[in-house]
Every structure is written in C-alpha cells, then in structure tokens.
Amino acid sequence: VQLQASGGGLAQAGGSLTLSCAASGIIAMINVMGWYRQAPGKQRELVAIITRGGSTVYGDSVKGRFTISGDNAKNTVYLQMNSLKPEDTAVYLCNQKTVVRNYWGQGTQVTVSS
C-alpha cells in the first residue's frame, strides 16, 4: 500500500498551490480521503476531508481558501490551496480510510513566504 503525495513547495503569501495524493495497493473501498498538516512544534490538525459521497469538512483556519476534491475511481484526493498565508506553512499529510484501516502518506512540505 502506498499513498503518493505531490504538489508541495514554496509559494508567496496570497499565492496558490495544489496538492494531490494517489493511493495504490488498497483493495478495500476507501470511504474518506483527506489532508492534515503539522507545523514544527504544533499538533497535527485537520485541513479537510471528503467522504466517498462527496461531503466535506474543513478546518476553521482554511475555510473559504482551500478546496478538497476526490476521484473515487482513482483513489486520489486533491487540495486546492488559495490565498495562502505564512501560517499555512507545514508538512501536509494525506490520509485515506477504509472501514478497517487508516492509511497515511509520507507528507509533502508547503512553505509560504511573506
């Protein structure tokens, strides 16, 4: 099982980045896909999740700026990040859940300069 995340990097404040995360090797149906983030010295926090049916939940700090979407057929989740702020700097972790297991990607660094 592998979750391959891509799209991180450096952006200026006010800019945009798009993350993607594709899962391979998972046989069971994925029910929830999402993104979390962890900045140095801080706890991991929810960025956004999307259910198989398309329902979404966003962390308060990203509401109105980030958009999550998913492709169930490809087991791929995307995160469109707009109006980036320096406080969005963190390692972004992809997560995909089946009924019985919880899978994490290796993380991709997002750095936003002021």
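This is a short chat about a predicted model of one protein chain.

Reader: Let's start with the fold. How many helices and strands are in the protein chain?
Author: Zero helices and eleven strands.

Reader: OK, and what's the radius of gyration of the protein chain?
Author: The radius of gyration is 13 Å, close to the 13 Å from the globule rule for 114 residues, so the chain is as compact as a globular protein of that length. The C-alpha atoms fill a box of roughly 45 × 25 × 25 Å along the principal axes.

Reader: Switching topic: which cysteines form a disulfide?
Author: C21 and C94, with their sulfur atoms 2.0 Å apart. The pair links distant parts of the chain, 73 residues apart: C21 sits in strand β3 (residues 17-24) and C94 in strand β9 (residues 90-97). The count comes to one disulfide.

Reader: Are C21 and C94 buried or exposed?
Author: Both are buried.

Reader: And why is the disulfide left-handed?
Author: Because the torsion about the S-S bond of C21 and C94 is about -85 degrees.

Reader: Back to the whole chain. What share of the residues is buried?
Author: Buried residues make up 40% of the 114. As for contacts with a separation of 6 or more, 51% are accounted for by residues 24 or more positions apart.

Reader: Last one, charges: how far apart are the mean positions of the positive and negative ones?
Author: They are 6 Å apart, for 10 positive and 5 negative charges.

How values were computed
Residues are numbered from 1 along each chain as its sequence is written. This is a predicted model: local features need pLDDT of at least 70, side-chain atom pairs count only at pLDDT 80 or more; totals for chains, interfaces and linings use all residues. Side-chain values use heavy atoms; hydrogens and water are left out. A disulfide is a pair of cysteine sulfur atoms within 2.5 Å. Helices (H or I, at least four residues) and strands (E, at least two) are DSSP runs, numbered from the N terminus. Buried means under 20% relative accessible area, exposed over 50%, partly exposed in between (1.4 Å probe, protein chains only). The radius of gyration is taken over C-alpha atoms; the globule rule is 2.2 Å times the number of residues to the power 0.38. Contact means heavy atoms within 4.5 Å. Lys and Arg count as positive and Asp and Glu as negative; His and the chain ends are not counted. The place of a charge is taken as NZ of Lys, CZ of Arg, CG of Asp or CD of Glu.
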